[in-house]
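Please look over the sequence and the structure below before reading on.

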Amino acid sequence: MFLIDGDFQSLFDTNVNVRIYQGSEDNIKELKGILSTFSKETDNYLETDVPGVYTLNQSNNPVTVSSNLYTCLQKGDEISKSLDSYFSICLGSLSKLWKEKLPNATIPTTDEINSELLKFQNTSL
């Protein structure tokens, strides 16, 4: 969650705390707007007025996103490839599957996991 003037939000479903030690009220307002938009773009669970990660995960068609999100996704894809697949920005749907199973004290089947893995193996930016 990021905190600016008492507002809390998250980025990529991760709590972020931003502290500004120097700057004008205009700087704070500008940063707050950027982070608020990026928070909407990176939310994997809620549809927002800004096309982003949620929209990408729900659509089978190409989705146009902001240049900031595209750059972030490109960097994540680059890191995924450089680490020989030990990290992937495309595991959101697999993570969601596990979260859905936890309340019932079950785990995904091998077929369910493989199905989710197939979804992102052919994903490209």
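The model is predicted. Its average pLDDT is 80, and 86% of the residues score at least 70. Confidence is lowest in strand β1 (residues 2-4), with a mean of 49, and highest in helix α3 (residues 67-82), with a mean of 87. Where pLDDT is low, the predicted coordinates should not be read in detail.

Helix α1 covers residues 25-42, which is 18 residues. From its first C-alpha to its last it reaches 25 Å, close to the 26 Å expected at 1.5 Å a residue. The buried residues of α1 are Ile-28, Leu-35, Phe-38, Ser-39, Glu-41 and Thr-42. Viewed down the helix axis, these buried residues fall within an arc of 160 degrees, so they line one face of α1. The face turned away from that buried side carries Glu-25, Asp-26, Lys-29 and Glu-30, which are exposed.

Helix α3 contains Gly-76. Is this glycine buried or exposed? Gly-76 has a relative accessible area of 7%, and the cut-off for buried is under 20%, so Gly-76 counts as buried. Leaving aside residues up to four places away in sequence, Gly-76 touches Phe-87 and Ile-89. Ser-88 is twelve residues from Gly-76 in sequence, and the two C-alpha atoms are 7.4 Å apart in space.

The charged side chains come next. Side chains of opposite charge can pair when their charged atoms come close. How many salt bridges does the model hold? The count comes to three.

One of them lies within α3, where Glu-78 and Lys-75 are three residues apart, about one turn of the helix. Their side chains meet at 3.2 Å, N to O. Glu-78 is partly exposed at 47% relative accessible area, and Lys-75 is partly exposed at 45%.

Another salt bridge joins Glu-112 to Lys-101, with the closest N and O atoms 3.2 Å apart. This pair links distant parts of the chain, eleven residues apart: Glu-112 sits in helix α5 (residues 110-121) and Lys-101 in helix α4 (residues 92-101). Glu-112 counts as partly exposed, at 25% relative accessibility.

Lys-40 also forms a salt bridge, with Asp-49, and here the closest N and O atoms are 3.4 Å apart. Lys-40 is partly exposed, with a relative accessible area of 34%, whereas Asp-49 is exposed, with 62%.

Notes: Residues numbered from 1 in each chain as written. Heavy atoms only, no water. Helix = DSSP H or I, 4+ residues; strand = E, 2+ residues; numbered from the N terminus. Expected span 1.5 Å × (residues − 1). Buried < 20%, exposed > 50% of the residue type's maximum accessible area, 1.4 Å probe, protein only. Arc of directions from axis to C-beta. pLDDT = per-residue confidence, 0-100. Contact = heavy atoms within 4.5 Å. Salt bridge = Lys/Arg side-chain N within 4 Å of Asp/Glu carboxyl O.
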